[in-house]
Amino acid sequence: MSNKLKPTQDQINAALWNACDTFRGAFDSSEYKNYILVFMFIKYLSDVWKDHYNALKEQYGDNEELIQRKLKRERFVLPPNCSFDFIFDHRNDTDIGEKIDKIFAQIEERNIEKLDGVFRNISFNSDKLGQTKDRNRRLKNLINDFAKPELDFRPSLWDDKEDILGEAYMYLLEKFASGAGKKGGEFFTPKEVSGLLAKLVSPKEGDRIFDPTCGSGSLLIKVAEETKDKEGNSTNNFAIYGQESNGDTWALSKMNCFLHKMDSAQIEWCDTINNPKLIEGDALMKFDIVVANPPFSLDKWGHENAEADRYKRFLRGVPPKSKGDYAFILHMIETTSPKGKVGVIVPHGVLFRGGAEQKIRQKLIEENLLEAVIGLPTNLFYGTGIPAAILIFNKAKTTKDILFIDASKGFEDGKKQNVLRTKDIDRIVATHKDFKTIEKFSTVVKPKEVAENDYNLNIPRYVDTFEEEAPVDIAEVQKNIVQLEAELVEVRAEMNKHLKELGFFPS
């Protein structure tokens with residue numbers, strides 16, 4: 001494929017989205033998204049493997065033994081007859097669904113350290129895809145869709161720019177989230193919000209980065225990609241970790257990391273509050289950067305076990321049974337290293353609700369952990385139109401002050417949801433970095449003032465965005481009214497004239 005014929009990112013995205021036509025109408029996108037994304041993954045593995053085999057073949061000729069020995073040192077191993085090409089050649093077989101399942105099982109077994117469990121919750125031989133005849137027809141259509149030239153993922157065609165595939169995967173996740181209603185927010189954070197949060201926590205070279213509710217990994221990967229070295233250049237010198245309670249979504253995050261060449265990511269399938277798995281010794285693992293977009297005000301989060309928590313995460317207070325926001329916040333703070341940062345997306349109720357949550361806020365502020373409160377526009381997130389805020393905690397704060405930013409008015413109005421523009425993101429990040437008061441946008445507040453407000457963090461208490469209305473010129477208004485009334489008399493007279501001509505009034 002020449003550079004001239006090389007498809008664009010948009011063409012790749014469109015080809016992937018069109019492949020979803022195979023399943024549309026048969027069952028919901030919340031289910032078929034897994035089939036599409038898993039199939040994209042097998043196509044990626046196959047094309048990378050084929051590309052590397054061809055390169056070795058050119059280098060070593062017919063020395064198949066040496067070629068196979070070299071291939072075993074690759075990032076992953078593709079067993080014999082486990083490629084997309086094999087699937088394509090057998091697309092007309094009556095047992096094609098069973099064949100695909102066996103191929104995934106073999107791939108997982110040969111790559112157990114990196115791909116263990118990734119294909120466990122999906123079957124291409126399932127009745128979900130219809131009875132045998134319908135299932136085979138759908139699978140054949142799907143295979144043919146992924147055989148299109150636009151979806152040739154061989155790295156040699158792309159000058160090793162495999163971020164194209166990562167972008168395509170993110171595109172699909174975002175499209176599925178957009179159509180999934182409330183459930184969309186459970187596995188994908190809008191890329192603009194992820195980008196903003198990544199810049200706010202500004203990870204540096206060598207950092208360990210963690211998302212305790214990582215969903216499909218979009219936020220975690222965005223933060224990792226923001227990592228800079230001492231000169232401010234992008235670097236791959238970081239380690240990423242995640243936890244996710246939904247098994248299907250956990251599998252998506254593993255594949256997402258793999259497609260972004262973050263193979264060493266440690267993503268655990270577990271309940272972060274009740275059964276965290278990222279443990280060192282008998283304590284929670286510590287991280288330099290902790291970010292999350294937890295489920296808003298989760299009910300039944302594990303209140304009944306909180307007081308006896310073996311990791312002592314709730315010494316500052318136990319959050320309410322029906323609202324788990326502070327359970328996640330406290331877990332994040334407890335897993336942060338002594339000089340680390342936390343960035344968390346929360347509903348506004350977290351800022352001002354009373355009771356146990358007020359006491360927890362007080363403790364966090366008295367310990368000088370809260371650095372910034374940033375109010376976001378409404379309708380940014382999938383499945384909810386409510387406004388959210390970002391809280392930044394910093395265990396290495398150099399001041400006791402707290403920065404409040406009201407960024408609620410800076411956005412582009414979208415059809416389904418609003419979007420943060422680059423200029424909106426840049427303004428928030430610059431204001432946070434400068435840590436200064438800007439009229440009607442941000443205020444630097446002393447902790448004493450927050451205490452006087454009973455530790456209420458509601459942003460309008462600290463950032464005055466009130467715009468005075470222009471004074472009304474009463475004389476001018478009266479003059480306009482007189483003029484309009486005169487014009488109205490003329491219009492009525494003209495109207496009556498026409499009505500009389502049409503015979504509606506007696507002559």
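In which hand does helix 2 pass helix 7? Helix 2 passes helix 7 in a right-handed crossing, a crossing being right-handed if the near helix is turned clockwise from the far one by less than a right angle, and left-handed if anticlockwise. The model is predicted, with local features needing pLDDT of at least 70 and side-chain atom pairs counting only at pLDDT 80 or more, while totals for chains, interfaces and linings use all residues. Residues are numbered from 1 along each chain as its sequence is written, and side-chain values use heavy atoms, with hydrogens and water left out.

Helices (H or I, at least four residues) and strands (E, at least two) are DSSP runs numbered from the N terminus. The UniProt record, an unreviewed entry, assigns residues 13–146 to the domain "N6 adenine-specific DNA methyltransferase N-terminal"; positions from UniProt are given in the numbering used here, and its annotations may be inferred rather than shown by experiment. This span is 65% helix and 0% strand, and its end C-alpha atoms lie 12 Å apart.

Two packed helices are described by the angle between their axes and the distance between the axes. Axes are lines fitted to C-alpha atoms, for helices over the stretch in contact, and angles run from 0 to 180 degrees between N-to-C directions. The axes of helix 2 and helix 7 (residues 132–146) come within 11 Å and cross at roughly 50°, and the two helices are therefore oblique to each other, given that angles under 35 degrees count as roughly parallel, over 145 as roughly antiparallel, 65 to 115 as roughly perpendicular and the rest as oblique. Contact (heavy atoms within 4.5 Å) is made by Ile-36, Phe-39, Met-40 and Lys-43 of helix 2 and by Leu-142, Ile-143 and Phe-146 of helix 7. By class, this contact comprises 6 nonpolar, no polar and 1 charged residues, where Ala, Val, Leu, Ile, Met, Phe, Trp, Tyr, Cys and Pro count as nonpolar, Asp, Glu, Lys and Arg as charged, and the others, Gly among them, as polar.

Helix 2 (residues 29–60) also packs against helix 5 (residues 96–110), at an angle of about 60° and with the axes 12 Å apart; helix 2 and helix 5 are therefore oblique to each other, and their crossing is left-handed. Here Val-38, Phe-39, Ile-42 and Leu-45 of helix 2 meet Ile-100, Phe-104 and Ile-107 of helix 5, and the residues of this contact divide into 7 nonpolar, no polar and no charged.

Against helix 3 (residues 64–71), helix 2 packs at an angle of about 140°, with the axes 10 Å apart, which makes helix 2 oblique to helix 3. The crossing of helix 2 and helix 3 is right-handed. The residues of helix 2 involved are Trp-49, His-52, Tyr-53, Leu-56, Lys-57 and Tyr-60, and they meet Glu-64, Leu-66, Ile-67, Gln-68, Lys-70 and Leu-71 in helix 3; this contact holds 7 nonpolar, 2 polar and 3 charged residues.

Strand 8 (residues 370–375) pairs with strand 10 (residues 402–406) in the parallel sense over 4 bridges, and Gly-375 stands opposite Asp-406 in strand 10.

For residues 474–501, the unreviewed UniProt entry lists a "coiled-coil region". Over these residues the chain is 100% helix and 0% strand, with the end C-alpha atoms 41 Å apart.

Conventions:
Pairing = 2+ DSSP bridges.
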